[in-house]
Amino acid sequence: MPASASWRPSAMDKPFDRICVMGLGYIGLPTAATLASRGVDVIGVDVNESVVAKISEGQSHFSEPDLDMLVRSAVSTERLRAVSEPEPADAFLVAVPTPFRADHNADLSCVEAAARAIARVLEPGNLVILESTCPVGTTLRFCEWIAEESPDLRLPHEEPANPDINVTYCPERILPGRMILELVENDRIIGGMTETCARRAEELYEIFVKGTLHVSNASTAELVKLTENAYRDVNIAFANELSMVCEKLDVDVWEAIDLANRHPRVNILKPGPGVGGHCIAIDPWFLIANAPEETRLMQAARRVNDVKSHAVLERVRRQMRRFREPVVACLGLSYKPDVDDLRESPALHIVEELARDDEMQLLVVEPHLKTLPATLAEAIHVEKVEMNDALSRADILVLLVGHREFRKVDMRKIYERVVIDTVGLWRVDRGEPR
Ligand SMILES: NC(=O)c1ccc[n+]([C@@H]2O[C@H](COP(=O)([O-])OP(=O)(O)OC[C@H]3O[C@@H](n4cnc5c(N)ncnc54)[C@H](O)[C@@H]3O)[C@@H](O)[C@H]2O)c1
């Protein structure tokens, strides 16, 4: 739509009666449902037809505390409508995936597709917010894609003083398992392409955010998001490296960390089987791609966290050699405790690697999944079992995820087994069964 010559948006313009959310996944759906719960008419857009169908029935397509209830209420009151194409609105919020390619560079094709799709329905005065995690400089490219698609609109990178459309980058930092709570309570960084863009986005987040809204520019907000996850990755890498040192030196890593953390300025994180999830295992690569020469520590951390998964695998294989027909039970597949999310999961990676060996019997316990993922479901030597079954049948127990359910295990039942506890839940790590 052509820009009107006389009309220009101002920060105090129209309220946000109608908001279009692009991408109804882990971030977009809770955001859409929360906005709807505050009385906003929300158009939820997803390219995945099955996602649209499920939400249209008033259900979430993934498990997250309180989300089903929120979606059911938003859909039944007709505040949230799921569709496949964007429609005109006062504001657009983009939360589409940003995976990485085989070369670790960001795959921005979904962000580009979303930008071009909304460009076709944008009107002067609209606000567009990019929430997807992106390399520094992506919000500028996002503006360029919109401008290419709708050349009549003035975007803030070309007309910072007087744009038709306000564009802002506002990263998300909610934790799966606590999303609905954190969406409201967390502080937000609002990175405007201009100060007016940021102020306008601030008005939108005031609809539902109780945390403090920190206004900055787009590049800073992009960098801050990546920095948060790179910081976590580096610190987990330290813990994982330490766990490998301890194994070599035959020292109990959990006790060593407990004792070191008694120092008033030391706080070592917990080691694990590697690092997974959609964020920490991926986002540091975006910053590394932005500044390859300057990110030696971040690159080393990524390698250490990957090496840790191989070290766990090797350890399991060493133990397996002690049995003629080993039965190995792997406990947990998700990338973190108490969720069903398998993205970049080191536990899943370890189990998939073990499953290549069809000489062994592999039992998998995952209380958060009804069935095994496709990569494991076909193999006849791999079986999804209940915890008690695993405890009675396995020679080797490999604890890969600290699910709440695994805490309840009767310790007397694991004494006869080889135990590899990668997360320190049982604090039993024993090559030799008693
Ligand atoms: N999941 C998290 O905990 C988390 C936390 C912080 C930031 N992020 C970031 O938020 C972004 C979204 O992540 P997510 O976990 O919600 O992803 P997701 O895969 O759960 O959901 C994204 C949805 O977008 C849809 N989609 C893809 N292309 C589209 C398009 N062009 N138009 C409309 N819909 C489209 C997909 O079908 C999918 O349903 C990513 O950049 C991610 O890094 C995620």
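A residue counts as buried when its relative accessible area is under 20%, as exposed when it is over 50%, and as partly exposed in between (1.4 Å probe, protein chains only). Helices (H or I, at least four residues) and strands (E, at least two) are DSSP runs, numbered from the N terminus. The model is predicted, so local features need pLDDT of at least 70, side-chain atom pairs count only at pLDDT 80 or more, and totals for chains, interfaces and linings use all residues. Residues are numbered from 1 along each chain as its sequence is written, and side-chain values use heavy atoms, with hydrogens and water left out.

**Exercise 1.** Find out how many residues of helix H1 are buried.

*Solution.* Start by locating H1, which spans residues 28-37. Now step past the helix: Gly 39 follows, with a positive phi near 90°.

**Exercise 2.** Describe how H8 and H10 pack.

*Solution.* First, what do you need? Two packed helices are described by the angle between their axes and the distance between the axes. Axes are lines fitted to C-alpha atoms, for helices over the stretch in contact, with angles from 0 to 180 degrees between N-to-C directions. Here the axes of H8 (residues 218-249) and H10 (residues 283-290) come within 8 Å and cross at roughly 115°. Then list the contacts (heavy atoms within 4.5 Å): H8 brings residues including Leu 223, Leu 226 and Ala 230, while H10 brings, among them, Pro 284, Phe 286 and Leu 287.

**Exercise 3.** Work out which residues of H9 are buried, and where they sit around the axis.

*Solution.* Pick out the buried residues of H9: Val 253, Trp 254 and Ile 257. They cover an arc of only 100° (taken from the directions from the helix axis to the C-beta atoms), which puts them on the same side of H9. Their cover includes H8 and strand E13 (418-421).

**Exercise 4.** Decide whether Asp 250 and Glu 344 are exposed or partly exposed.

*Solution.* Asp 250 lies in the loop between H8 and H9, and its phi is positive, near 55°. At 72% relative accessibility, Asp 250 is exposed. Glu 344, in the loop between strand E9 and helix H12, also has a positive phi, about 55°. With a relative accessible area of 40%, Glu 344 is partly exposed.
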